[in-house]
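Here are my notes on the model you sent. They follow the strands, sheet by sheet.

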Amino acid sequence: MGFPKKHPLVVLILVSALVIGPIAESAYASYRYQWSSGPFELPENATRLIVKILNMSQTPQWYQVSVWYYDAFGVLRYQHPGGPLLAPVAPNAIDGGSWPVELPEGRAAVVVVKTDDPNVLPSLAAKDSLEGAIAGTNISTADFLMIEIPQAEVIILDNLPAGQSGGARSFTGTWCKSSAAGYYGTDSLYSCGAGADTYKFTPPIVVDGDYNIYVRWTAATTRSTSVPVFVRHAGGTTQKNFNQRLQSSAWVLHGTYNLLAGAGHYVQITDTNGQACADAVKFEPVP
Ligand SMILES: [Ca+2]
């Protein structure tokens with residue numbers, strides 16, 4: 001079959017890295033534990049795998065099932081098995097359910113179960129429904145790999161020195177160092193170009209979820225009283241205008257937005273209504 005042979009442990013490590021990395025797979029940021037099993041290899045010409053969860057040692061509040069497989073180019077792909085993403089478990093249930101998964105012919109799959117309960121210890125079984133043969137048998141809990149998922153953390157992005165960009169901060173036009181007091185970090189910037197000036201903060205989100213987004217500036221009598229600040233998030237773009245002659249040196253709430261890992265969501269300050277200040281932004285995960 002076309003599946004590149006790899007040691008199962010290597011497969012599990014690859015899956016782990018991907019799950020922790022920028023996978024916009026789940027809006028449920030509260031999961032912390034996951035178990036992986038496989039690879040379950042499909043017989044030649046078979047395209048359907050039945051994934052089943054059974055013999056959970058403890059009933060979790062919820063769990064989430066996902067399946068990974070290698071495509072024809074050897075790249076790991078994510079596939080949702082068609083069941084509910086968020087599956088509540090009936091009281092005292094030890095069998096979590098089963099779902100069919102459609103895969104390219106003859107591929108092998110790795111099944112991942114996530115939950116917020118470290119004591120669940122599920123077993124996984126997978127079966128090829130066409131052949132009626134067990135493609136993977138029950139796996140003992142000793143074969144499962146448990147990983148603690150990083151929790152979302154507060155991210156603060158400070159402005160870079162005037163004229164510099166990089167590391168999640170970029171700008172258009174010209175931004176000069178402000179002499180106003182009360183800045184965050186080492187200084188703050190104000191727009192000083194002849195045309196439109198924008199300053200953008202793009203946070204390195206690694207955990208999908210809702211975040212309170214705060215904007216900070218230094219006040220001055222030369223600032224605009226209506227500075228447009230745009231937030232790009234999972235639901236679109238939201239603009240709010242702030243009076244930057246007031247609320248100096250404070251974390252001012254823009255709003256609460258859903259941010260996804262790897263999506264390039266950002267905060268952008270603009271000076272279309274007059275002089276604007278860029279000092280710092282803060283992204284605070286909502287528990
Ligand atoms: Ca600053």
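1. A term first: two strands count as paired if DSSP finds at least two bridges between them. Strand β12 (residues 169-172) and β15 meet this with four bridges, in the antiparallel sense.

2. Some context. The model is predicted. The protein has one helix and 22 strands. Of its 287 residues, 37% count as buried. Take the contacts between residues at least 6 apart in sequence: 77% of them join residues at least 24 apart.

3. Back to β15 and its other neighbour. Strand β20 (residues 266-270) is joined to β15 by four bridges, and the two run antiparallel. Here T198 stands opposite T270 of β20.

4. Are the faces of β15 covered or open? Both faces of this strand, residues 198-201, are covered. T198 and K200 lie on one side, Y199 and F201 on the other, and all are buried. In general, side chains of a regular strand alternate between the two faces of the sheet. Note that K200 is among the buried residues. Buried means 20 or more other C-beta atoms within 10 Å of the residue's own, with C-beta atoms placed from the backbone.

5. Five strands form an open sheet in the order β12-β15-β20-β17-β18, with antiparallel pairing. Its edges are β12 and β18 (236-242), each of which pairs on one side only. Neighbouring strands are turned by 20° against each other on average, direction ignored.

6. At the β18 end, how many bridges join β17 to β18? Seven bridges link strand β17 (residues 227-233) to β18, and the two run antiparallel. Among the residue pairs, V227 has F242 of β18 as its bridge partner.

7. There is another open sheet to check. Four strands make it up, in the order β11-β22-β16-β19, and the pairing is antiparallel. The edge strands are β11 (155-158) and β19 (252-259), and each pairs on one side only. In this sheet, neighbouring strands are turned by 20° against each other on average, direction ignored.

8. Which strand does β11 pair with? Four bridges join β11 to β22 (residues 280-285), and these strands run antiparallel. Within that pairing, L157 has V281 of β22 as its bridge partner. As background, strands of a sheet pair through backbone hydrogen bonds, either parallel or antiparallel.

Definitions and conventions:
Residues are numbered from 1 along each chain as its sequence is written. This is a predicted model: local features need pLDDT of at least 70, side-chain atom pairs count only at pLDDT 80 or more; totals for chains, interfaces and linings use all residues. Axes are lines fitted to C-alpha atoms, for helices over the stretch in contact, and angles run from 0 to 180 degrees between N-to-C directions. A residue is buried if 20 or more other C-beta atoms lie within 10 Å of its own, exposed if 12 or fewer, and partly exposed in between; C-beta atoms are placed from the backbone. Two residues are in contact if their C-beta atoms, placed from the backbone, lie within 7 Å.
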